[in-house]
Amino acid sequence: MRLRLLLVLAGFFALILCGPASAQGEKILRITPQSNLTILDPIWTTAYITRNHGYMIYDTLFGMDAKGGIRPQMVDKYTVSKDKKTWTFTLREGLAFHDGATVTSEDVIASLSRWGKRDSMGEKLMSFVESMEAIDARSLRVKLTEPYGLVLESLGKPSSNVPFIMPKRVAETPADKQIDDYTGSGPFIFRKDEWKPGEKVVYVKNPNYQPRPEPPSGTAGGKRVNVDRVEWVIIKDPQTQANALAAGEIDVIEAPAHELYASFKADKNIQVVETNPLGYQAILRFNQLQPPFDNPKVRQAAMAAMNQLAFLRTQVGIPEMYRTCFSVYPCGTAYATEVAMDFIAKPDMKRAQQLLKDSGYDGTTVVIMQPTDLAVIAKLPVVAAQLLRQAGFKVDMQAMDWQTLVSRRAKKDPVSQGGWNIFLTVWASVDVMNPISNSALNAACDKTWFGWPCDKALEDLRDAFARADDQKSRKTLAEKTQARAMEIGTHVPVGEYNFPVAARKNVTGFVIGFFLVPWNLQKH
Amino acid sequence: MLRFILRRILATIPVLLVVAVFVFLMLRLTPGDPAAVIAGDSATTEQIAKIRDSLGLNRSLAVQFGIWIAAVLRGDLGESFFFKMPVTALIAQRLEPTLALALATIVLAVLVAVPLGVLAAWRRGGWLDRVLMGFSTLGFSIPVFVLAYLLIWLVSLKLGWLPVEGYRRIADGLIPCMRHLILPSLTLSVIYIALIARVTRAAVSDALTEDFVRTARAKGLPEPVVLVRHALANAAIPIVTVIGIGIALLIGGVVVTESVYAIPGLGRLTVDAVLARDFPTIQGVILLFSAAYVVVNLLIDLSYTLFDPRIRY
C-alpha cells in the first residue's frame, strides 16, 4: 500500500516536472519588449512601445531605410508637379486590411488627417496642406499652399508618432480620443482576445500581407513574416529577463540592462545583436523661464562644464556601447555636424568657472530632477550635479520617480512653487535627426517642449529648413540651426549609447534600422 | 451567529468608505500626472493638457470624487486610464495568479510549519527545538529576492526542472499551473514557515503545561494523540490567526516575488498602476485589499468557535 502511494506520488511529481508537450507545428517567437504595452493607439501617445505595436499591425505609405533614405512602402508610385505644390500618390495593388477590406485612398486621407493633428511633423506638414482628395480608390492628390521640403520625410517618419494607415472608420476617431478598433493592414494581426495587460501581447501572422520585393532595411522594404506568432512576454525585472533567455523561455530581449551584457557574452547560446546602430541620444535640458537659466550666459557656463565622457562612463560603463557625439543631430546621420559645439567638445572647467563669474550668477540654487526608477538615465543627473558644482553652481539634486518628473517638468512655476531647473532624458536618435523632428530645437516659447526656449531666429531657421527643397541648403540650414541653438543654449547633448538586442542564437534575420522590428526574423 | 456576521458586514461599509476617501485624496495629492505618462516623452504641455481634459482630471476634486464614488456604489470601479478596460476586468485577470500563489504558499507553510512547531514545543529546550528555531530565524533573515534568485539558479538554470518565470492559468491545465507555482510559493513560504512555526511552538508549549494535558497523559493516551488532539487543538486560535493574517498579507502584496518570477498578479498591478498614476486602478485594487482584510478577519473570528466551544457570537 505504502509502495503504491509512493509510486503514485513519484509519477505525479514526474508529470509536474516534465511538463506538457509544447504546441506542435507552430513557430512562436517570444520577445520581451522594452516595457509594458498599455496604450494601443500609436497616434495618441509617443511611447515607443506603442510605436512598436503600431509597426506590428499597421503599414505606412513610406519607410526609412537604414541609411535614412525614404522609400515607398504602401505607395506604388508618386509624382510631384513642377511647381512642387501638388503631390500624387498611388497605392500598391492588393493592399488589404485584416478584415479583408481593400485599403483605399479615403483610408489614407483620414489616417493622415488624424496623425496631422497630434504629431509635430504631421502638424507642420498639414500647415502647408491646402487639400487632400481621392482621385480614385488607389490614388490621392495632396495640394500644398507652397512648396514644402519635408513631405516624404514626414510620411516616412519612422518614429513616434508614425503616420500609420488605418481604416477610415477608425481614423475618423477624434484625435483626442483613443481608438478601440485595431484593424490594420500590416504584417501581423493583433489578438485582442489573448492580450493580458502586463503579462502577454499576442500577434499572429497576417496571411494576406503582401510584402514588397526589396530586402528589408529600417522600416522600409519587404516585411516578410517567417513565424506563426509573436508573443510579447512582459518581464520587468532585468535579471529575470536574462534568466528566462538563458533558460530558453524567451527568444529575444529588446533592451537588456547594460550590466547584463557580460553574462550574455559568456553564454554560448546567446548572441548580442546591434539592430539600432544610431542608438540613443542623452540630453540635458534647461528651464529657460526660471533663474538662473533664464540668463543665456549662465546656460553657456553650464554648457562649458559638461563632459560627455564623464556622463557615458558613469551611466553606461561599457566603452563599445557608448560614444561621444558633439552634435545635436545623431552622429552618422545626414545633418550631424560639430559646428559651434566647442563648448562641449573640449571640456574646460576653468572656462566654465570664468563664464559663470562673468554671467553675474547670484548663487541661486539649481534644482536637478533625478528619476531614481529609470535605470537608463538615473546616473546622468549625478554627473551633471557634480560638474555644475565644480563650475561654481549651487546644486540641489532632488530624487523622484520618473512619473513625478514628467509631471513636474510640465510646471512653469518658480522652483519655490514646485518648478525645476534641469532634467536629463534620453531619446531614440532617429527622433532627433533633423531640426523639425528634434523637439529640443523647437523655440516657439510657450508651445514648445519642456524648458520653453523662445527665439525667433531659431524658429525662422527651422521654418527655412522645412521649406528648403535641396539637400545642400538643408545641410547649411541644419548647421545654422545648431549654431543658433548652442548660442542660446536650448539643451546639451551629453552622449550617445546603445542597447543591443540579446537573443538566442537560433534566432536570425534581425533587420538593421532604428529599433527592433518583428519582420524577417526566423527561429530555427 | 447570523446577527454577528451581518453586524460585521455592515461595519465594513464605513471602513471601506474611509479607505476610499483616504485613497482618493492621497492619490490626488501625490505628485505625478497620468496625462503626462500617457502622452509619452516627446509630448508638449498642450498635448498633455488635452489628455488631462479627456480623462476628466481638470474637474474639481469634489466632482471627480462624486463621480467615482457613485460608480463604486453601483459596483463599477471605473476604467483604467492606461489599459482602457474596466478596472474590475483588470483585477479579475490578476486575481487568479495572486490567489493561487497565496493559497499554495499558505498550504505549503502550514503543512511544514505546524508539525515543526509542535515538534519544537514537544522537545522545548532540546537540540531539535534549537535546530528548528535556528532554521526559522534563518527563514526570517533571508531576503525574498536572494532566495528567489538562488532557487532559480539551482532549480531552473542548473537542473532545468522548473520554469524561470511566468504563470499559467488553471484553465491551461493543472500541471503547467503547478510547475509555475512551485518556485514562487517555495520562496514565499519560507518566511511564513518561520512565522507559523514560531507561533505554533509558543502556543503548543503553553498548552503542554496545562492541566488537561497532564490529565491526558495520566490517562495513558499515546503522546501523538496528546500533542495533536489536546495540545495543538487548544493552541489553534493564535495559529489560525497568524495563518489568516498571512493570507491577507499575501493577497495584499507579494510584489517582490511576483516581480522576480514575472507573475502577473495584483502586487505587480498595484506597483505598475502607482508608477503610472493610474488612479482608477489603484483605487480599485486598494478597495479590494481592504475588503480582503475585512473578510479574512471575519473568517478568523468565526473560526474561533470551531476551536473553542466557549466562544459564542
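**Salt bridges, chain contact and a covered helix**

In chain A, Glu133(A) pairs with Arg141(A) in a salt bridge whose closest N and O atoms are 2.6 Å apart, a salt bridge being a side-chain nitrogen of Lys or Arg within 4 Å of a carboxyl oxygen of Asp or Glu. Glu133(A) is partly exposed at 31% relative accessibility, and Arg141(A) is likewise partly exposed, at 26% (buried means under 20% relative accessible area, exposed over 50%, and partly exposed in between, with a 1.4 Å probe and protein chains only). The model is predicted, so that local features need pLDDT of at least 70 and side-chain atom pairs count only at pLDDT 80 or more, whereas totals for chains, interfaces and linings use all residues. Residues are numbered from 1 along each chain as its sequence is written, chains are lettered from A and ligands numbered from 1 in the order in which they are written, and side-chain values use heavy atoms, with hydrogens and water left out.

Over all chains, the search of the whole structure finds 35 salt bridges. One of them joins Arg30(A) and Glu231(A) at 3.3 Å, N to O; Arg30(A) lies in strand β1 (residues 28-32) and Glu231(A) in strand β10 (residues 229-233) of chain A, so the pair ties together parts that are 201 residues apart in sequence (strands are DSSP runs of E, at least two residues, and helices runs of H or I, at least four, numbered from the N terminus). Glu231(A) is buried at 6% relative accessibility, while Arg30(A) is partly exposed at 26%. Both residues belong to a network of salt bridges that also links Arg191(A), Asp193(A), Glu194(A) and Arg229(A).

Between the chains, the contact (heavy atoms within 4.5 Å) takes 53 residues from chain A and 50 residues from chain B. The buried area, defined as the accessible area (1.4 Å probe) that two parts lose on being put together, summed over both, is about 4,200 Å², of which carbon and sulfur atoms give 56%. Chain B and chain A share 3 salt bridges, among them that of Lys236(A) with Asp272(B), with the closest N and O atoms 2.8 Å apart. Lys236(A) is partly exposed at 41% relative accessibility, whereas Asp272(B) is buried at 12%.

Helix α9 of chain A (residues 296-305) is mostly covered, with 8 of its 10 residues buried. The buried residues of α9(A) pack against several elements of chain A, including β13 (280-286), α12 (349-359) and α16 (471-488).
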